[in-house]
Amino acid sequence: MKKAILSLLSGVAITLLATSCLSTKGGNMNPTSAKLDAKNGHYTFELPEGVTRTKVTFRNHFGIELAGDLYTPKNASESGNAAVAVAGPYGAVKEQTSGLHAAEMAKRGFIALAFDPSFTGESGGEPRGMNAPNINTEDFQAAIDFLSVQKNIDPERIGIIGICGWGGYALDAAAIDTRIKASLIVTMYDMSRVFQNGYFDAQDNAQSRQAFRKVLSEQRTKDFANGAYQNAGGWGSAPCAEDAPQHVKDYYAYYRTERGYHERSVGANDGFMVTTLTSLMNTKMLPFIDEIESAVLMVHGEKAHSRYFSEDNFKRLKGDNKELLIIPGAVHTDLYDNRDYIPFDKYESFFTQYLK
């Protein structure tokens with residue numbers, strides 16, 4: 001089954017389908033250098049001084065309870081604060097990249113909510129490891145719902161940060177939700193495009209898609225008969241093959257080492273459901289981003305294999321409050337957690353300007 005999918009989408013090497021590092025079992029990574037919070041568990045980053053972290057829950061419009069960590073500056077005002085909601089990367093949880101970004105923004109004076117999207121991490125939703133564009137775009141809107149009613153937050157001063165696959169969902173949310181005043185889109189993927197067309201649209205033809213539909217349809221029958229869903233597999237417990245594409249090695253270096261491993265991360269363990277690709281194969285994301293009136297900052301690495309997603313979509317944006325920033329020398333995963341490349345000063349100035 002796995003080989004069939006990989007042969008149909010050769011070159012699509014992301015968390016869900018990594019040709020050289022896949023495993024249907026997650027392996028037993030022991031994060032010996034993990035940052036442990038006695039109350040809240042394992043985080044892959046240190047909590048900055050002057051920032052508090054609080055567990056919160058809220059529901060989206062599909063009735064799914066989402067789990068988040070709310071990061072608050074200890075010197076925050078009792079009212080009127082600016083806030084941001086953060087999610088991503090695709091396959092990650094709030095204790096990883098999104099939490100790091102939220103904590104850093106809180107250090108810089110913003111209240112920040114890092115949350116687990118539906119079907120992942122500590123959030124609800126069945127079956128586990130599911131992914132659906134309409135639900136995951138709604139997750140961002142639900143995060144805005146939550147932030148908008150907090151007494152210490154000004155509902156007119158709320159932005160979002162979407163990273164990797166959730167960069168695409170964040171851009172989708174910005175197109176539908178006018179409460180979002182500024183959107184930071186980091187190292188983004190368009191998940192529907194990559195699965196429908198393959199990398200760089202190399203398999204953008206009806207024959208390839210029809211063959212993929214056949215595999216997914218047959219898998220649905222098998223899943224129903226077995227009473228269980230087949231997972232695509234996350235990163236394997238052994239290092240990538242020497243001849244693996246560099247970006248595959250980069251994903252492994254983040255998800256399957258002490259640097260970024262988390263026991264609840266879909267990408268680091270059993271992976272998303274195989275048949276979750278049904279919705280991605282049948283949905284065109286980002287249909288109205290050319291109508292976004294609020295501010296958007298798109299950030300991507302110069303050497304990232306995924307750079308074309310940001311460049312192509314930036315061309316569709318309109319207005320003088322849109323910017324594309326290319327980080328010299330950076331690969332896709334550098335913008336997850338590599339402070340030598342992440343332009344946090346730029347992020348701060350962007351939100352300071354547009355969340356006045």
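Gly162 stands opposite Ile185 in strand β9. This is a predicted model, where local features need pLDDT of at least 70, side-chain atom pairs count only at pLDDT 80 or more, and totals for chains, interfaces and linings use all residues. Residues are numbered from 1 along each chain as its sequence is written, and side-chain values use heavy atoms, with hydrogens and water left out.

Here's how the strands pair up (DSSP has to find at least two bridges between them; strands are E runs of at least two residues and helices H or I runs of at least four, numbered from the N terminus).

| Strands | Direction | Bridges |
|---|---|---|
| β6 (residues 81-87) and β8 (residues 153-163) | parallel | six |
| β8 and β9 (residues 182-186) | parallel | five |

Val86 has Ile161 as its bridge partner in β8. Val86 also touches His101, as do Ile163 and Leu335, among others (heavy atoms within 4.5 Å, leaving out residues up to four places away in sequence).

His101 sits in helix α2 (residues 97-107). Buried or exposed? His101 counts as buried, because its relative accessibility is 0%, and the cut-off for buried is under 20% relative accessible area with a 1.4 Å probe, protein chains only.

Now for the helix pair: α2 packs against α11 (residues 344-354) at about 65°, axes 11 Å apart, with axes fitted to C-alpha atoms over the stretch in contact and angles running from 0 to 180 degrees between N-to-C directions. On the α2 side the contact uses Leu100, His101, Glu104 and Met105, and on the α11 side Phe344, Tyr347, Glu348 and Phe351.

Key
Buried means under 20% relative accessible area, exposed over 50%, partly exposed in between (1.4 Å probe, protein chains only).
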